[in-house]
Protein chains: 2
Amino acid sequence: MSAEDILNEIKNHVMKTAPGNAAITDVQFEGPEVVIYAKNPEIFSNTFVRELAKLFRKRIAIRPDPSVLMEPEIAKKKILEIIPDDAEITNCIFDANTGEIIIESKKPGLVIGKEGSTLEELKKEIKWAPKPVRTPPISSETVNAIRATLYRERMDVKEILRRVGKVIHRDVKLREDSWIRMSFLGGAREVGRTCNYLQTPESRILIDCGINVAMDGDRAFPHFDAPEFAVEEIDAVVVTHAHLDHCGFVPGLFRYGYDGPIYCSKPTRDLMTLLQKDYIDIAEKEGKVVPYSSKDIKKCVKHIIPIDYGVTTDVAPAIKLTMHNAGHILGSAIAHCHIGDGLYNIAYTGDIKFEASRLLEPAVCNFPRLETLIIESTYGAYDDVLPDKGETEQNFLKVIAETIKRKGKIIIPVFGIGRAQELMLVLEEGYNQGIFNAPVYLDGMIWEATAIHTAYPEYLSKNMRNRIFHEGDNPFLSEVFKKVRNTNNRRNIIDSDEPCIILTTSGMLSGGPSVEYFKSLAHDERNAIVFVGYQSEGTMGRKIQRGWNEIPVMNRNGKSRAVKVNLSVHTFEGFSGHSDRRQLIKYLRKLKPMPDRILTVHGESSKCIDLASAAYKLFKKETRAPMNLDAVRLK
Amino acid sequence: MSAEDILNEIKNHVMKTAPGNAAITDVQFEGPEVVIYAKNPEIFSNTFVRELAKLFRKRIAIRPDPSVLMEPEIAKKKILEIIPDDAEITNCIFDANTGEIIIESKKPGLVIGKEGSTLEELKKEIKWAPKPVRTPPISSETVNAIRATLYRERMDVKEILRRVGKVIHRDVKLREDSWIRMSFLGGAREVGRTCNYLQTPESRILIDCGINVAMDGDRAFPHFDAPEFAVEEIDAVVVTHAHLDHCGFVPGLFRYGYDGPIYCSKPTRDLMTLLQKDYIDIAEKEGKVVPYSSKDIKKCVKHIIPIDYGVTTDVAPAIKLTMHNAGHILGSAIAHCHIGDGLYNIAYTGDIKFEASRLLEPAVCNFPRLETLIIESTYGAYDDVLPDKGETEQNFLKVIAETIKRKGKIIIPVFGIGRAQELMLVLEEGYNQGIFNAPVYLDGMIWEATAIHTAYPEYLSKNMRNRIFHEGDNPFLSEVFKKVRNTNNRRNIIDSDEPCIILTTSGMLSGGPSVEYFKSLAHDERNAIVFVGYQSEGTMGRKIQRGWNEIPVMNRNGKSRAVKVNLSVHTFEGFSGHSDRRQLIKYLRKLKPMPDRILTVHGESSKCIDLASAAYKLFKKETRAPMNLDAVRLK
């Protein structure tokens, strides 16, 4: 049956079984969902939707017919009329594609009303489905811009969803004896440009599509020269998380003719958009090859179909994707693919932390079924053992306290997404406990990334959610944090005598404000620089870490000069967003069920091989550390 | 530089340096060669050719300009005039593409004349380059038909060669850091449908393209559904030997749009054409899917570029192929690929016998360079030890002698190419030694296959060549062998009381005359059936081997009846054309140089894995038994 035929069958069934007064106007495939449009959508019961989903094995959504939706401007007025002023509504975001309206307010309880009475009243009046949420405490330009784009281009988005829907629901049966394989186009035996290409006789899925920012030329991008790669044959792209080595090339795919869906979590969508923009800005400034433009990023945003953790979604005729928390950064996911009807199951960890951090829950290790696991190996070698997190925090705060005490300033060059927020939580606690008393300045992209964190509290750890929701005590809002607003502001911080902490990008001093701070503050022995992340060979960060007395830097006029290094230099490895060797092995031990095959990727060659070999010895399963351009037959 | 530019450069150089009276008329790429056409080709010295080849690193051929060649009919008359009748000329074969004329005669010495004087005279008269050879003792329809096709379609063949020449010599440099990989599209962890797909960023080569005659549907053919496979992107096809599991699909490639060269030895060309025709005949009769027609076989023949053992040939811009004797069947080869300029070397054994047989020399185990070896594993498991050949022959002849003594007939079902000829040599010796005294009838394709063997004595073992050339004692011509000419003839053999030996196809009694003989001779306990090759599960051969008392057979009218099995049943495993486990390991031990990586293919799963594991333990090199659809990155 064609997608049309299947849709007609569902339509007929819905027409026959739906309550007569629902006034159904249309039934459509939109992305992975079957959407029923009705003039009276509120009439459908949950049971009806559930049974329909079960019968056709598809995700079902019921939405108001666009004709009954009140004009947004008028609806907004109506909302302000009906909801009491005490609710302090700050924003109404209309999602034309779902017929939902997100009502941001400081007191969402007042939007809901007693037993939902206010909401019910509202619904009847405006017909949009109201979703009350707490106003994000820090406004994010990125989130707002993405929402605005999606609203402005809603006709485009709808058309994309319908087209994708037809592709997903085309009638293709995977035979029992069908083959399944994975080609590694990047990120195998290396870190950077991760790109996994899943193939069946009927479907092609790209899982992650990253870049290696430390490389030039072809080596910066995945192996699109692999003979099996054909961008026009890809059914779907899945992005596990927003770091550039996993998502950096995604907008570039659209430039090469891709026109299909991108599946990721909402935080990943927003964070990766922020990073991709930053990436092309920097690449342009540095005169590097820029593989896409801001137009491509926008095109990419329109093609994103966000999915929540734990929701199983058809992404190709015989492939169901489920994303699970990976514990690495906000919105990071393990991608689990269920192929065929009980035929085969693959989980790809992306990057994982199998330990609760301040920010996130530990990575999920239970899957309904699992035959092949593809696991990261960043710290996969035998001696890749990271210091204990608690101890690391204590020692870190000790350095902070001592430096502040001697009136010094502390530069913490940090990667903007993930590690910066984790450190903010450590610093906030230290400040509250009186371990130090000095402001923490946030420079570079950190503020904006933090804003995105506050927009998605449901993706944070239980502990964080409790603090934010129930105790009204959002650590990111602590008075200790100050945003650096411009270069003047930065100059003042540098010039003042006030001891302070400066959390700033880039993390390896390969550019950005961290270099500016270092140039101005390195000479003073009262100051300190604290490294909390990996410093690549050749970067300024690595040189400082190695104890160079003088560091060559470029002045604004393009002349080179040497900066004397008198500040104290510290390194803390225990803040990593990755599991270390012990934790990776622990993850494999706890994994349920134990897969038949374990493939190790995302690590230097020796680390991938070492982890694969250890896994073989421990679990007696087939293990391998594939190379880039290896295609591994899975079934 | 384009192929045109390169050609122009060579042309200019040749024009400048060639002797003035050579009268060069053209310089062209033809297949892998640079061909210089001249009105006086005899003027060029060997040194000139050698230095030209060295300078441009290409194969050089000098040929007479077509305009100076005498008309074949007139030339033939001239030849008969000049050469004395005693030479007994039987055939003159004109090769319009090379300007050569093969003069078959019973006494080639008389064609050559004293110190070559007759040849010299001939050359001046007819301008064709005469190549005197001994008249093949048995005339082969296949060889004659192929030669006739190539002569008739010489314009087409020339055009194909020129097109291929341009593709081979297009200017492509393989970068030092280029990748090289091999996809296994068939014949990995199985026997049948062997198909290896070698890929670099610039080139694609198919090495073997077989079918599994025991399978139906998709499983009979290689995995052309592999995402990296694109028939229009293949630069060249290499065929290691003429068995259907290595060459059976080659003509089918032309049906799917392939239009490039096929590289193999001349015996492989002729034997595979014979087998391919037989295959489509049988498949048609059995109502199976026939993937190509006799037209495609003819097209294939025209695209074959025969190469001799040990001659290095450009088959793609950065790939040089050298074929080496594999010892398996007549013309069988190990394919050695030298990729890039000293970048990487791969040898694929095809099927090998690392032991002198009566027919052939043992497989070559020395290569100038070697990084990856791909080796067959038919008998790769630990306990796959075959009996000693000498002992096997003795026991075999004992069974023959005993059966003849009791006035019985012996059916030897045998595969037509290779094993049949090896057995003929054993029987001929036994007969000469007086071990038995009875005729050996040859039925099915055996006679024709033997004829092809006699057409290529230079591919036989030293011992055989000595007997044929120097002693004028060709064992295939022994009076003991009688050709079965038709069904009447066959009936008479069955009905007569005369004890005899019947060597007949098919080897597993899956059809052909062997079944007819069995049906008529099985009831008589004086008779015997002798199996000398592997009997697949489910075949009639296997049932008889297992000792069934009655075998169900189909009568001519389509009715089933049971044949009583009273004849004695014997099996001899020691005649295999494959190396057994001990010999495979010996091959690896003797291999020079030892490669970095050994991949095992062409065997049941357990045998490939067992051999890979043994090789790892012995040589501590990377070993693997890849699966079909695995793509292994080699460099």
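Visitor: Where is the place of B:Glu115 in chain B?

Guide: B:Glu115 sits in the loop between α4 (108-112) and α5 (117-126) of chain B; helices here are DSSP runs (H or I, at least four residues), numbered from the N terminus. This is a predicted model, where local features need pLDDT of at least 70, side-chain atom pairs count only at pLDDT 80 or more, and totals for chains, interfaces and linings use all residues. Residues are numbered from 1 along each chain as its sequence is written, and side-chain values use heavy atoms, with hydrogens and water left out.

Visitor: Why does B:Glu115 count as exposed?

Guide: Exposed means over 50% relative accessible area, buried under 20%, and partly exposed in between (1.4 Å probe, protein chains only). B:Glu115 has 88% relative accessibility, so it counts as exposed.

Visitor: And why does A:Leu629 count as buried?

Guide: A:Leu629 has 1% relative accessibility, so it falls under the 20% limit. A:Leu629 also has a positive phi of about 80° although it is not a glycine.

Visitor: What makes the pair B:Arg219 and A:Asp177 a salt bridge?

Guide: A salt bridge needs a side-chain nitrogen of Lys or Arg within 4 Å of a carboxyl oxygen of Asp or Glu. The closest N and O atoms of B:Arg219 and A:Asp177 are 3.8 Å apart, so the pair qualifies. The count between chain A and chain B is six salt bridges.

Visitor: Which peptide bond in chain A is cis?

Guide: The one joining A:Lys592 and A:Pro593, with omega about -10°. Most peptide bonds are trans.

How values were computed:
Chains are lettered from A and ligands numbered from 1 in the order in which they are written. Helices (H or I, at least four residues) and strands (E, at least two) are DSSP runs, numbered from the N terminus.
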